[in-house]
Amino acid sequence: MAAWEATTGMQWAAVLVVGGLGALVAKRLRVPMWAFSGTLIAVALSHQLIQLDVSAPPLWSLIAQVLVGTAVGSRVDRPTVRRFRSTLPGGLIVVSLVVPAGIALGYMIHWQAGVPALDSVLGMVPGGVPEMVAAATSLQGNSALVAAMHVVRLLVVVWLTAWLVRRVRVDPPVDGPL
């Protein structure tokens, strides 16, 4: 019997309630990507603290990937494509530097910590949390580990960027209405 087949209806109800509460708390705290991050953190904590152990059916991962792809694809309109063209040269330069750095750091983690190379590389290369988790799932990697690595990265990047922007102002502050 697969692990997900042993999960009871009460376990699913409990994990969905915990996840929903986590999302609401994250929204109130203005956590980036509150719906995903809050749910992930709350369910992961509940799994660690009270052994609320559930396993999702494989079809759920497939459905989640289709939903993420649909959500992202449906937002690509003509003005977005036009704006994207102007950012393409700089974006390609940044990606050509950051992706190899992420791969190198992923292999360093693999060698130092014994984490499977697929998981450590997917956890270190740039990308959105849901998208990289979907990639890990489709490649039979450890999606929970990849998600944890990206959530930590995301929070550090968002918090550090906000802190730096407040301290290093390029534009002078506006004193009032123009």
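Predicted model: local features only at pLDDT ≥ 70, side-chain atom pairs only at ≥ 80, totals over all residues.
1. Helix 4 and helix 5. Helix 4 covers residues 78-113 and helix 5 covers residues 117-124; their axes come within 7 Å and cross at roughly 140 degrees. That angle makes helix 4 oblique to helix 5. The crossing in which helix 4 passes helix 5 is right-handed. On the helix 4 side the contact is made by Gly102, Ile103, Leu105, Gly106, Tyr107, Ile109 and His110, and on the helix 5 side by Ala117, Ser120, Val121 and Met124. By class, the residues of this contact of helix 4 with helix 5 are seven nonpolar and four polar, with no charged residue.

2. Helix 3 and helix 6. Helix 3 spans 58-73 and helix 6 spans 129-138. Their axes come within 10 Å, crossing at roughly 140 degrees. Angles over 145 degrees count as roughly antiparallel and those from 65 to 115 as roughly perpendicular, and helix 3 and helix 6 are therefore oblique to each other. Helix 3 passes helix 6 in a left-handed crossing. Ser61, Gln65, Val68 and Val72 of helix 3 make the contact with Pro130, Glu131, Ala134, Thr137 and Ser138 of helix 6. Four residues of the contact of helix 3 with helix 6 are nonpolar, four are polar and one is charged.

3. Helix 6 and helix 7. Helix 7 spans 143-167. The axes of helix 6 and helix 7 come within 9 Å and cross at roughly 160 degrees, so the two helices are roughly antiparallel to each other. Their crossing is right-handed. Helix 6 brings Val129, Met132, Val133, Ala136 and Thr137 to the contact, where they meet Ser143, Val146, Ala147, His150, Val151 and Leu154 of helix 7. The residues of this contact of helix 6 with helix 7 comprise eight nonpolar, three polar and no charged.

4. Size and centre of the largest pocket. The largest pocket has a volume of about 1,400 Å³. It is lined by 37 residues, and the closest to its centre are Leu40, Val43, Ala56, Val133 and Ser143. Val133 and Ser143 also belong to the contact of helix 6 with helix 7.

5. Lining of the largest pocket. Helix 1 (9-28), helix 2 (34-50), helix 3, helix 6 and helix 7 each supply at least two residues of the lining. Helix 2 gives the most, with eight residues. By class, the lining of the largest pocket has 24 nonpolar, 12 polar and one charged residues.

Methods:
Residues numbered from 1 in each chain as written. Heavy atoms only, no water. Axes fitted to C-alpha atoms, helices over the stretch in contact; angles between N-to-C directions. Helix = DSSP H or I, 4+ residues; strand = E, 2+ residues; numbered from the N terminus. Parallel < 35°, antiparallel > 145°, perpendicular 65-115°, else oblique. Left-handed = near helix turned anticlockwise from the far one by under 90°. Contact = heavy atoms within 4.5 Å. Nonpolar A, V, L, I, M, F, W, Y, C, P; charged D, E, K, R; others polar. 1 Å grid on protein atoms, 1.4 Å probe; cavity = no way out; pocket = protein on both sides within 12 Å on 5 of 7 lines; lining within 4 Å. Points joined across faces, edges and corners; volume = space filled by probe spheres on them.
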